[in-house]
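Subject: Structure for you to look at

Hello,

Here is the structure I promised to pass on. Please open it and keep it beside this email while you read.

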Amino acid sequence: MKFVMILCFLLIVQYALTFIQMRYYRKSMDNIVRAYKGKEGYYFFSGMERRKFRPGAIAMLIVDDNYIIQECYAVNGFSVLSKFKELNTYKGQHTGAVLDILGNSNNKEKSKRLPAINMALSKASENALLSISKKNISLV
């Protein structure tokens with residue numbers, strides 16, 4: 001009986017922490033997007049990498065029509081207390097170049113597992129390339 005009560009308590013705690021984290025994600029996303037609201041040619045993309053027993057990561061990008069990254073933010077870690085940090089290294093770079101950089105750094109780490117932040121940035125960059133190219137094709 002105690003075991004069931006502990007499991008129920010853990011489930012409720014997990015739900016509460018997930019709720020807090022989702023509110024923080026939505027608030028951060030709104031703050032990033034607010035500067036580009038009403039402007040044509042800017043798109044928001046995010047990528048997420050979940051891990052079971054290691055820290056995960058979330059990346060958010062603002063990309064323009066020319067596939068250039070205007071804003072880049074990422075968060076990684078176990079805790080809900082982790083905050084989004086601006087990654088200036090990728091600002092102003094082409095999303096394809098970012099994928100190439102991340103791909104080259106990932107190839108060097110064959111023996112280790114890939115960092116979650118790299119995977120999240122790769123997913124967001126791939127989403128940007130695919131979505132904007134589909135939009136450009138449909139306009140022609």
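The side chains of Glu49 and Lys123 meet in a salt bridge, with N and O 2.8 Å apart. A salt bridge here is a side-chain nitrogen of Lys or Arg within 4 Å of a carboxyl oxygen of Asp or Glu. This pair links distant parts of the chain: Glu49 sits in strand β1 and Lys123 in helix α3, 74 residues apart. Helices (H or I, at least four residues) and strands (E, at least two) are DSSP runs, numbered from the N terminus.

Before you go on, note that this is a predicted model: local features need pLDDT of at least 70, side-chain atom pairs count only at pLDDT 80 or more, and totals for chains, interfaces and linings use all residues. Residues are numbered from 1 along each chain as its sequence is written, and side-chain values use heavy atoms, with hydrogens and water left out.

Back to the charges. Glu49 also forms a salt bridge with Arg51, at 3.3 Å from N to O. Arg51 is partly exposed at 22%, and Lys123 is partly exposed at 33%. The cut-offs are these: buried is under 20% relative accessible area, exposed is over 50%, and partly exposed is in between (1.4 Å probe, protein chains only).

Another salt bridge joins Lys91 and Glu86, whose closest N and O atoms are 2.5 Å apart. Lys91 is partly exposed at 30%. Glu86 is partly exposed too, at 35%. Salt bridges with shared partners tie Glu49, Arg51 and Lys123 into one network. The count of salt bridges comes to four. Side chains of opposite charge can pair when their charged atoms come close.

Now the overall layout. The protein chain has three helices and four strands. From the N terminus, the order is α-β-β-β-β-α-α. Of its 140 residues, 31% count as buried.

Next, look at the strands. β1 and β2 run antiparallel and are joined by eight bridges. Two strands pair if DSSP finds at least two bridges between them. β1 and β2 form a hairpin, with six residues between them. Tyr42 has Asp64 of β2 as its bridge partner. On to the next pair: β2 and β3 are also antiparallel, over eight bridges. There, Gly56 has Gly77 of β3 as its bridge partner. The hairpin of β2 and β3 has four residues between the strands, and Tyr67 takes a positive phi near 65 degrees in it.

Why call β2 largely enclosed by the rest of the structure? Because nine of its nine residues are buried. Gly56, Ile58, Met60, Ile62 and Asp64 point one way from β2. Ala57, Ala59, Leu61 and Val63 point the other way. In a regular strand the side chains alternate between the two faces of the sheet.

That brings us to the core. Which residues have the most contacts inside the largest nonpolar core? They are Leu61, Val63, Ile69, Tyr90 and Leu121, in a core of 20 residues. A nonpolar core is a set of buried Ala, Val, Leu, Ile, Met, Phe, Trp, Tyr and Cys residues joined through side-chain atoms within 4.5 Å. β1 (42-49), β2 (56-64), β3 (69-77), α2 (95-108) and α3 (116-139) each supply at least two residues. α3 gives the most, with seven. A second, separate core has 10 residues, among them Met29, Tyr36, Ile58 and Met60. In soluble globular proteins, nonpolar side chains tend to be buried together.

Leave aside its neighbours within four places in sequence, and Val63 is in contact (heavy atoms within 4.5 Å) with residues including Tyr43, Phe45, Ile69, Ala128 and Ile132.

Finish with Ser122, in helix α3. Ser122 is buried, with a relative accessible area of 10%. Its side chain reaches the backbone oxygen of Asn118 at 2.9 Å. Leaving aside neighbours within four places in sequence, Ser122 is in contact with Leu99 and Leu102.

Best wishes

Conventions: Polar contact = N/O pair within 3.5 Å; in protein donor to acceptor, adjacent residues only side chain to side chain.
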